[in-house]
Amino acid sequence: MAYKTQLSLEKNLKVRIRSNHHDYLKNMKEEFAYHVKNYYFMGKFKAGFWDGKIHFITEAGLIPYGLLPIFLKKSKKLYPEIKIEVNDEIKNLFKGPEIDIKYDLKYPPYPYQKDCIEACIKYTKGIIQSATASGKSIVISYIIKNLLVNRKITGVKKCLIIVPSIGLTRQFKKDMSDYGIPENLIGEIHSESKEWDKHIIISTWQSLINNYDKLNQFHCTIVDETHKAKAHELKKILSKCKCKYRFGFTGTTPPHITDMYNIQSFIGPVLRTYSSGFLADKGYISKCNVKRIIISYPDGIIRNDYKGIKDECFNNRRRLDLIARTVNDIDDSILLLVSYIDEGEKLVNLLNRRTDNEVMFLSGKDKIDIREEYRQKIIKGEKISLIATYQIFEAGVNIPNLKHLILTSPTKSKIRTLQSIGRALRKHESKEDGAYIYDLIDEVKYLGKHAQKRKEYYESEGFNVEEIEINPFLSIEEFSIN
């Protein structure tokens, strides 16, 4: 008996798999079933109602279009004897019309940026994984500009850019305008703006969830900072967008395969990857110098639970003194990232007593205008000790001349760590020797393991890593970060 498999495109960009080889289909379904993160803690799994897995191929044989390249690759490897037939719709799924791409904005693209632009326009769907500070906004601007200019060929008349925060809508609009895209073509959608009549719309996730009826007007959807997108939100929004062109941009892909597959399911495969190490070696972004300041606690820590240990360390007087000393040693603006508002408030009180720089703390409570005001102050060269929560400064915020960053309350999250560091990696004339990241390493239970994880992230990105040992119960008068 000749075995064969047929693929056809269903509505909402689902691909149906039909096969007369039942074991093949059963096994391929299992190949695309993965445990979700921390599934063993979940009630349904404990109760025996769920196997703890996400099944990316349904019982009816449907798979999201974005996983089709992975499916074909696995099928060929595991079942080379199975012939796969695809209809014309499938063949054209990742194929765009040829257009004459023009690079005529204010800034010409670097070779790697040009490669990303051409890949997106050629394949119509997919993800660009390019290190933070690599200039994703100008790549997006060129893609949109060329699709709109060639609208008679591409069919693209309106474009949607999705960003994770209100602050980034305004920043993205300004960046696009600076590159040469007329500002009157660009609209913002969020709680403070409703400019739906523009050709280019920049919006937050939250605003789109409340405006599903508006989504069918777009012909191109771009998800910036894709790693921050939640799967259910992504699915809902993109299922309403009937557009041919769909792209995601991220500096860091999720480490867990189910998170990555969820993103790819509704956007497409990874088209291009450019790491921090590669871009720094080529001189496209600043080199990253990580100073791991190792703090030992010879008298031990009283608390034994994670929160208690962290609170005891982060409130340690000597540790706080060390942060203040580090800030004073730096004759420049500096960004200090914290996890929680109370941590930021303590640092404000400390630094106001210990530094001559203006000290400002920004959190989600602050309006977009205040955040933008202090971003512009640093860009203009004012010396500011800016304390901010990870939530508002870990992704997308563009301060080209920011050279110094302190991770005052670091975590083990790869995405949060690398995205935060990206704030300091943008190329600038003041960074001849690169950017400097100060990572406080608390050698205690839990936090020590988290620090080791971060070190692995740094090494995988090719960062320069230096270790400095400090005992907080001894004098730090001789300590200097220089």
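Which residue is the bridge partner of Val15 in β5? The partner is Ile63, and this pair belongs to strand β2 (residues 14-19) and β5, which run antiparallel and are joined by three bridges. Strands here are DSSP runs of E with at least two residues, helices are runs of H or I with at least four, and both are numbered from the N terminus; two strands pair if DSSP finds at least two bridges between them. The model is a predicted one, in which local features need pLDDT of at least 70, side-chain atom pairs count only at pLDDT 80 or more, and totals for chains, interfaces and linings use all residues. Residues are numbered from 1 along each chain as its sequence is written, and side-chain values use heavy atoms, with hydrogens and water left out.

Strands β2 and β5 are part of an open sheet of four strands, in the order β5-β2-β1-β6 and with mixed pairing. Because β5 (62-64) and β6 (83-86) stand at the edges with a single partner strand each, one side of each is left without a neighbour in the sheet.

Helix α3 (residues 68-78) can be read by its two sides. Leu68, Ile70, Phe71, Lys74 and Ser75 are buried, that is, under 20% relative accessible area with a 1.4 Å probe and protein chains only. They lie on the same side of α3 because they cover an arc of only 155 degrees around the axis, taken from the directions from the helix axis to the C-beta atoms. On the other side of α3, Lys73, Lys76 and Lys77 are exposed, which is to say over 50%.
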